[in-house]
Amino acid sequence: DAGLAAGSPHSYVVVAVDAAGNASPASAPASATTAAAPGSPFPMRAAVYYPWFPEAWNQQGFNPFTMYHPSLGFYDSSAPAVIRQHIEAMKYGKIAAGISSWWGQGTMTDGRVSALLAGAAGTGFRWTLYYEPEGSADPSVAQIRADLTYIRDRYAGDPSFLRIDGRFVIFVWAQAGDACAMADRWKQANTVGAYLVLKVFVGFKGCASQPDGWHQYGPAVPASNQAPYSFTISPSFNKPGEPGPRLDRDLSRWRANIRAMIASGASFQLVTTFSEWGEGTAVESATEWASASGYGDYLDALHTDGAEH
């Protein structure tokens, strides 16, 4: 399903990270179906994260811009208490890292990265960034290089920033029409040694320029198997102003997809998303799927690796 993403442009093994931010595998639960190779950080479970509230609650003529009711209320992404609760919730769901939407230097999402990193201090949780400008334009090699240098110098040295093999990790969006020239630009620009995980497009496997990994972001589709690189799951897609959900919520399907994701052995096992409330893809707790744990049905299912109740 490469290149067939729907939505906005934009692990089974929980990993431990040392003081330098380097990932290494923690011990797997007894129910593991896929074991990490010795010394490998993979498989790694991570979730796409949106730090753009309260601004994004009010958009496109809707306030709040969501079909649901977050258990934390219509919160502020800058609030330390919210960040702390989000990290605790992701860790409960065996999510080792958050992939935070990043729209460029000086943007609102850039302004919240430091708070996210500070909130993760001492928790074992790690953050990386989702480079969004590639989803709406074709940034030049010079612009990409400048952004990667900025991220390296401003954030990647923080112990809470995700590193693999000593290299800071960056996920990159792609447009539906992107092709190998996009991968070429990123290869040329990456003079700082970032660990790049690009979004798939039609024909990506045949490109001469290959990044460190590939992923899909298409949350109107319940599951996308891009093994060995990644396996991505989505709970739903339900956006205000549309005639109905593109993807209904179904906990049985969600649990089955979690089990399939684990069984795939894919390096990155991705949840889209933790907190994209506008498109209705969030797994964060809401009144509509609250549970006794306090974390909600969808994180409960991640916590139990998709076991049926």
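**Close-up views of a predicted model**

**View 1. Threonine 109 and its surroundings.** Leaving aside neighbours within four places in sequence, threonine 109 is in contact with Pro51, Trp52, Ser101, Trp102 and Trp103. Keep in mind, as you look through these views, that the model is predicted. Threonine 109 belongs to helix H2, which covers residues 108–111. Is this threonine buried or exposed? At 2% relative accessibility, threonine 109 counts as buried, because buried means under 20%.

**View 2. A disulfide between cysteine 180 and cysteine 207.** The count for this model is 1 disulfide, and here you can see cysteine 180 joined to cysteine 207 with an S to S distance of 2.1 Å. Which parts of the chain does the pair tie together? Cysteine 180 lies in helix H5 (residues 180–189), while cysteine 207 lies in the loop between strand E8 (195–199) and strand E9 (213–215), so the linked parts are 27 residues apart in sequence. The torsion about the S-S bond is about -85 degrees, so this disulfide is left-handed. Cysteine 180 is partly exposed, at 27% relative accessibility, whereas cysteine 207 is buried, at 5%.

**View 3. A salt bridge between aspartate 76 and arginine 112.** The model has 11 salt bridges by count; in this one, the side chains of aspartate 76 and arginine 112 meet at 3.9 Å, N to O. The two residues sit in distant parts of the chain, 36 residues apart: aspartate 76 is in the loop between strand E3 (44–49) and helix H1 (80–92), and arginine 112 is in the loop between H2 and helix H3 (113–120). Aspartate 76 is partly exposed at 33% relative accessibility, but arginine 112 is buried at 8%.

**View 4. A salt bridge between arginine 185 and glutamate 134.** Here the N to O distance between the two side chains is 2.7 Å. Arginine 185 is part of helix H5 and glutamate 134 is in the loop between strand E5 (126–131) and helix H4 (141–156), so this pair ties together parts that are 51 residues apart in sequence. Both arginine 185 and glutamate 134 are buried.

**View 5. A salt bridge between arginine 255 and glutamate 308.** These side chains meet at 3.6 Å, N to O. Arginine 255 lies in helix H6 (residues 251–264) and glutamate 308 in the segment after helix H7 (297–303), so the pair ties together parts 53 residues apart in sequence. Arginine 255 is buried, with 12% relative accessibility, while glutamate 308 is partly exposed, with 44%.

**View 6. A network of salt bridges.** Which residues are linked here? Look for Arg45, Lys94 and Asp305, which are joined in a salt-bridge network.

Conventions: Residues numbered from 1 in each chain as written. Predicted model: local features only at pLDDT ≥ 70, side-chain atom pairs only at ≥ 80, totals over all residues. Heavy atoms only, no water. Disulfide = S-S within 2.5 Å. Helix = DSSP H or I, 4+ residues; strand = E, 2+ residues; numbered from the N terminus. Buried < 20%, exposed > 50% of the residue type's maximum accessible area, 1.4 Å probe, protein only. Contact = heavy atoms within 4.5 Å. Salt bridge = Lys/Arg side-chain N within 4 Å of Asp/Glu carboxyl O.
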